[in-house]
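Colleague: I am new to this one. Could you take me through how its helices are described?

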Amino acid sequence: MRELPQLHTQPGTCLVLSGGATKAFYFHLGVLKVLGVGDITSIVGSSAGAIIGAFIASGVSVDTMLNTLDQKQFYAPKFDTWIKTLTSTMLFKPQYVSIMRQVLATSFSGVQFALSLPRMGNKDVLAELIDTLIHSQSQATSLFDAVALETLCKSVIPSSLFTDLDIDLYVTATSLDSQKRAIFNKTYTFEDEDNVFMTDVPIHKAVRASSSLPGMFEPVNIKGQYYVDGEIKRTLSVDVGLQLADRVIVSHTYQPLRLPHNSVRNMGWVNILKQSTFIVFSERVHAWRTIYAREHPDKEIIWIEPEETDVEFFTAPEFSFRREVQQRLIDAGEKAATRALVRAGV
């Protein structure tokens, strides 16, 4: 594991928050109900973890965020303003122009393919068609524009400067072209083979870049580089947290499901895909956990994750704004945090 000697350890606790769409957001919210924020001196967040981390670091209380579940808008006394609750129509703004360009490009390729059929002879027509359709997918960069997320952050967070936050915040993203991990923060500016630390990027743009799930949201241009989801280069970025504090609490939702008397295969293709994805992420998490335990025996690391037999949590949609689903995810976060703290003897 490449060390980050430029970072300095400070007293207190570093909280590391994973991505995982709105599902992870509400899980982390439940975790924070149990943990509180009193001892947290730094937060490392990716994607959904970057969003809730930015809110907490700017002084938005857990209770304030919980109040958003039952209201279309809520009053934030710290900022003396009314804030609209995030909805699916606010978050998912289709990229109509690029999508239409892509439809036209695909249609044109389809017409060209149809005209070439008489000349194909003994070629595999289906394979040729699939190749044609795949090669034509070059006009749309994403389905949705994440500008709504940036607008929400601007309405909740009064300053765009990391230096104005109440808690030290580190937001991660992945460079699409250099493949380096970006860490946006207030203190460190340097670059090595794998990372680039930046202090002059606005919080709102950093959070938007960290949350840009490839294919769904438009990559974000920062200083001539395009950035996407922060979990792609390094899952969780616990290595940053370990350099910042001697006590690190990690909250993540990458938990595959274990069914004692059944198989995920019988739960449909969506859950098969979800299980396969979580297996990939959890393997990365377990590999890093082994490395961290071996190389940092003096550090206290508390891992908070969903119960592996929690079918309701596993099957909950990744992007849901239904009140009952949100509450279920918050409850799962509370239970997971309580279980982890008891296990750690805290």
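Predicted model: local features only at pLDDT ≥ 70, side-chain atom pairs only at ≥ 80, totals over all residues.

Colleague: Why are α2 and α8 called roughly antiparallel?

Modeller: Helix α2 (residues 48-57) and helix α8 (residues 203-210) pack at about 155 degrees, with axes 8 Å apart. Angles over 145 degrees count as roughly antiparallel, so α2 is roughly antiparallel to α8. The crossing of α2 past α8 is left-handed.

Colleague: Which residues of α2 and α8 meet?

Modeller: From α2 come Ala50, Ile51 and Ala54; from α8 come Ile203, Val207 and Ser210. By class, that contact of α2 with α8 holds 5 nonpolar residues, 1 polar and no charged ones.

Colleague: What makes α5 and α6 roughly antiparallel?

Modeller: Helix α5 (residues 96-116) and helix α6 (residues 125-135) cross at roughly 150 degrees, and their axes come within 9 Å. The cut-off is over 145 degrees, and therefore α5 and α6 are roughly antiparallel to each other. Thr106, Ser109 and Phe113 of α5 make the contact with Val125, Glu128, Leu129, Thr132 and Leu133 of α6. Those residues of α5 and α6 divide into 4 nonpolar, 3 polar and 1 charged. Here α5 passes α6 in a right-handed crossing.

Colleague: How do you know that the span of α10 agrees with its number of residues?

Modeller: Helix α10 (residues 269-295) has 27 residues, which should span 39 Å at 1.5 Å a residue. Its end C-alpha atoms are 39 Å apart, so the two agree.

Colleague: Which elements do the buried residues of α10 pack against?

Modeller: They pack against α1 (21-35), α9 (238-244), β15 (300-304) and α11 (311-315). The buried residues of α10 include Phe278, Phe281, Trp288 and Tyr292.

Notes: Residues numbered from 1 in each chain as written. Heavy atoms only, no water. Axes fitted to C-alpha atoms, helices over the stretch in contact; angles between N-to-C directions. Helix = DSSP H or I, 4+ residues; strand = E, 2+ residues; numbered from the N terminus. Parallel < 35°, antiparallel > 145°, perpendicular 65-115°, else oblique. Left-handed = near helix turned anticlockwise from the far one by under 90°. Contact = heavy atoms within 4.5 Å. Nonpolar A, V, L, I, M, F, W, Y, C, P; charged D, E, K, R; others polar. Expected span 1.5 Å × (residues − 1). Buried < 20%, exposed > 50% of the residue type's maximum accessible area, 1.4 Å probe, protein only.
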